[in-house]
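Thanks for making time this morning.

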Amino acid sequence: MDTLLIQATAQTPLVNLNPETGVMEIKGRSIPDDPEVFWGAVLTWFDNYMAHPNDETLVKIDLEYFNITSSKRILFLLYKLNELVDSGKKAKVEWYYRQSDEDMYEVGQDYAFMVHVPFDFREYTDNDLVVA
């Protein structure tokens, strides 16, 4: 199974889903023009991954903003993590949020409440960002 790598744009996040390591990263903004196409590719890849998952899967989510249609698809992805856990695999979500963005923290808390996958909340400040 190949890694799914989608580069970030102004409207879509970076998506790096690596089946070898079991680490999946979603980072940026998610306001795609066609959420079915964008998130459909992510969810289809994840369905295929679930046929032969790693013993441990880590999903890192660091979104600065996402719209309601993206929110729904993110929840679908998290529900798929429930299925992995139910099948005896380990899964965890690292939810990144800016210290100044209480809304994003609360959304992560809401997601954590809706699934039975452990969430690790990672707060950062703008000063934590490395400038090249």
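**From one aspartate to the whole chain**

Aspartate 62 lies in strand β4, where strands (E, at least two residues) and helices (H or I, at least four) are DSSP runs numbered from the N terminus. Please keep in mind that this is a predicted model, in which local features need pLDDT of at least 70 and side-chain atom pairs count only at pLDDT 80 or more, while totals for chains, interfaces and linings use all residues. Residues are numbered from 1 along each chain as its sequence is written, and side-chain values use heavy atoms, with hydrogens and water left out.

Is aspartate 62 buried or exposed? With a relative accessible area of 13%, aspartate 62 is buried, the term meaning under 20% relative accessible area, with exposed over 50% and partly exposed in between, for a 1.4 Å probe and protein chains only. Setting aside its neighbours within four places in sequence, aspartate 62 is in contact with Ile26, Lys27, Gly28, Tyr96 and Tyr124, contact being heavy atoms within 4.5 Å.

Let me turn to the aromatic residues. A search of the whole structure gives nine aromatic pairs, where rings of Phe, Tyr and Trp (its six-membered ring) pair if their centres lie within 6.5 Å, and planes under 30 degrees apart count as stacked, over 60 as edge-to-face and the rest as tilted. In one of them, phenylalanine 66 and tyrosine 111 have ring centres 6.4 Å apart and planes at 20°, so the pair is stacked. This pair links distant parts of the chain, with phenylalanine 66 in strand β4 and tyrosine 111 in helix α3, 45 residues apart. Tryptophan 95 and phenylalanine 119 also have ring centres 6.4 Å apart, but with planes at 40°, so that pair is tilted. Tryptophan 95 is buried at a relative accessible area of 0%, and phenylalanine 119, at 16%, counts as buried too. One aromatic cluster is formed by Phe66, Trp95, Tyr97, Tyr105, Tyr111, Phe119 and Phe121.

Tyrosine 111 brings us to helix α3, in which Met104, Gly108 and Tyr111 are buried. They cover an arc of only 60° around the axis, which puts them on the same side of α3, the arc being that of the directions from the helix axis to the C-beta atoms. On the other side of α3, Glu102, Asp103 and Phe113 are exposed. The buried residues of α3 pack against β4, α2, β5 and β6.

Finally, the chain as a whole has three helices and six strands, running β-β-β-α-β-α-β-α-β from the N terminus.
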